[in-house]
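Hello,

Here is the structure I said I would pass on. Please open it first, then read the notes below with it on your screen.

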Amino acid sequence: MSSLFDEPVDDAPRVDPGAPLAVRMRPRALDEVVGQQHLLGPRAPLRRLVEGDEPMSLVLYGPPGTGKTTLAHVISLATKRQFVQLSALDAGVKEVRAVIAGAKRELTYAGRRTVLFIDEVHRFSKTQQDSLLSAVEDRIVSLIAATTENPFFSVVSPLLSRSLVLALQPLSDDDVRAVLRRALTSDRGLDGAVTLTEEAEEHLLRVAGGDARKALTALESGAGAARAAGTEVLDLATLETAVAQAAVRYDRQGDQHYDVASALIKSIRGSDVDAAMHYLARMVEAGEDPRFIARRLVISASEDIGMADPTALLTAVAAADAVAFIGMPEGHFALAQAVAHLATAPKSNALTVAIGESVADVRAGLAGPVPPGLRDAHYAGAKKLGHGATYRYPHDAPDGIVPQQYPPDALVGKDYYRPTSRGAEGAIGARLVKLRAILRRGR
């Protein structure tokens, strides 16, 4: 197998030297593709598909900048097929049918098959996707459909059943670093015109967040700024100016990663919305995984707020869903809304204490048998065992609650949940006093 930095053969198509760096550096052979070794390694499915020149249709699923468009071009070049690209943003059924008609002519008169690449196929309506079915079924076109959304929700089942679904993984920092270093030295890229300091390289990795296209776009902007300043060295200060994004000096895998995350949660717990917003901004600007931030907010909503404001958990979960749905950078608005809600909400750790004490008692052996009235009475023979015989149905009572033993004998009278007087828990606490009085009446 060729090296990662090998150049393509001489008959590879030339690129416009005025094209964006990301376009000029697009790989032209499988061995130039960085990452995705689960698809491209020896005997991996995509490599077998290309090297066997099979007229197969694919759905490529993965985050932005992981190489979906690149793989489509590489497959076309490797198999010497006609390549046609459509975007679901501006193509409809009419454009799809025109491509299929052209593919039929190409196959009939030139004996050459067509690769039809559709970017953002999840934006196609069901009717638009259905218009592809017969051409894919008859292999008039080899469809390569790219999507950032789960295809099992966004692509119609008949099209999925006719295609091989391949999931692309986010690029690692080492993958993006390899892309950047190749662009610095390749004659298709910057051809040694600038060098990159270590600090600037690390900042590019943070800015990219696993997106090779974003990394190359930022590098091209920084290189232009360096040349305009009359220097061949692209340093951090020049790069920051070029990409308008200040370096946030913490390593996402290092101690400060946890320090800043801890500061965010503790600021929320302490109800300092301004400090919390600051730490959120630092994490976002450092290229922190937004899913990590969202997970921490969901935990905080229950751990530090709980029933003092039950809607806090709904907001945190909605923010996590929003980030997964729209991605970054726009996802930071949803994260900011969740941070503001959580930081300004009344606080209670009563739930945290309740589950902690409950777990401790279970681990200490305070369990015991389930009271007979609560045991399952639906199977044959249960009544003979007395299961459910003493159970009283709460809905039969005017207030929907009856005196009845629910916990095992060893835990009767044990109060795990002790609401505070803050927020909604004030009303909950007052109601809980009445509930426990009724439940435990006569004991």
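Start with R392, which touches V402, P403 and Q404 when residues up to four places away in sequence are left out. Keep in mind throughout that this is a predicted model. R392 and Q404 are 12 residues apart along the chain, and their C-alpha atoms are separated by 7.4 Å. R392 is found in the loop between α19 (350–363) and α20 (425–439). Is R392 buried, partly exposed or exposed? R392 counts as partly exposed because its relative accessibility is 43%, and the range for that class runs between 20% and 50%.

L374 has its place in the loop between α19 and α20. With V370, Y391, Y393 and Y406, L374 forms a nonpolar patch on the surface. Together these residues have about 440 Å² of accessible area. L374 has a relative accessibility of 30%, so it counts as partly exposed.

The largest nonpolar core has 29 residues, and the members that touch the most others are L180, L216 and L219. Five elements can be looked up here: α1 (21–24), α10 (173–185), α11 (198–208), α12 (212–228) and α13 (236–243) are the elements that give two or more residues to this core. Which of them gives the largest share? That is α12, with 7 residues. For a closer look, select L180: leaving aside neighbours within four places in sequence, L180 is in contact with L204, L205, A215, L216 and L219. There is also a second, separate core, which has 26 residues, among them A294, A301, V323 and L342.

Now the aromatic rings. How many aromatic pairs does a search of the whole structure find? The search finds 1. The pair is formed by F83 and F117, with 6.3 Å from centre to centre and 20 degrees between the planes. The pair counts as stacked because planes under 30 degrees apart are put in that class. F83 lies in strand β2 (residues 82–87) and F117 in strand β3 (residues 114–119), so the pair links distant parts of the chain, 34 residues apart.

Two residues have backbone angles to check. Q36 is not a glycine, yet its phi is positive, about 55 degrees. Q36 is found in the loop between α1 and α2 (37–40), and Q36 is buried, because its relative accessible area is 5%. R139 is also a residue other than glycine with a positive phi, near 60 degrees. The place of R139 is in the loop between α7 (133–137) and β4 (141–147). At 39% relative accessibility, R139 counts as partly exposed.

Last, some totals. The protein has 20 helices and 7 strands. Of its 443 residues, 44% are buried. The protein exposes about 23,000 Å², and carbon and sulfur atoms supply 54% of that area. Among contacts between residues at least 6 apart in sequence, 72% join residues at least 24 apart.

Regards

Note on methods. Residues numbered from 1 in each chain as written. Predicted model: local features only at pLDDT ≥ 70, side-chain atom pairs only at ≥ 80, totals over all residues. Heavy atoms only, no water. Helix = DSSP H or I, 4+ residues; strand = E, 2+ residues; numbered from the N terminus. Buried < 20%, exposed > 50% of the residue type's maximum accessible area, 1.4 Å probe, protein only. Contact = heavy atoms within 4.5 Å. Phe/Tyr/Trp six-rings, centres within 6.5 Å; stacked < 30°, edge-to-face > 60°. Core = buried A, V, L, I, M, F, W, Y, C linked by side-chain atoms within 4.5 Å. Patch = residues over 30% accessible without salt bridge, like charges linked within 9 Å, V, L, I, M, F, W, Y side chains within 5 Å. Areas by Shrake-Rupley, 256 points an atom, 1.4 Å probe, with all protein chains shown as cover. Salt bridge = Lys/Arg side-chain N within 4 Å of Asp/Glu carboxyl O.
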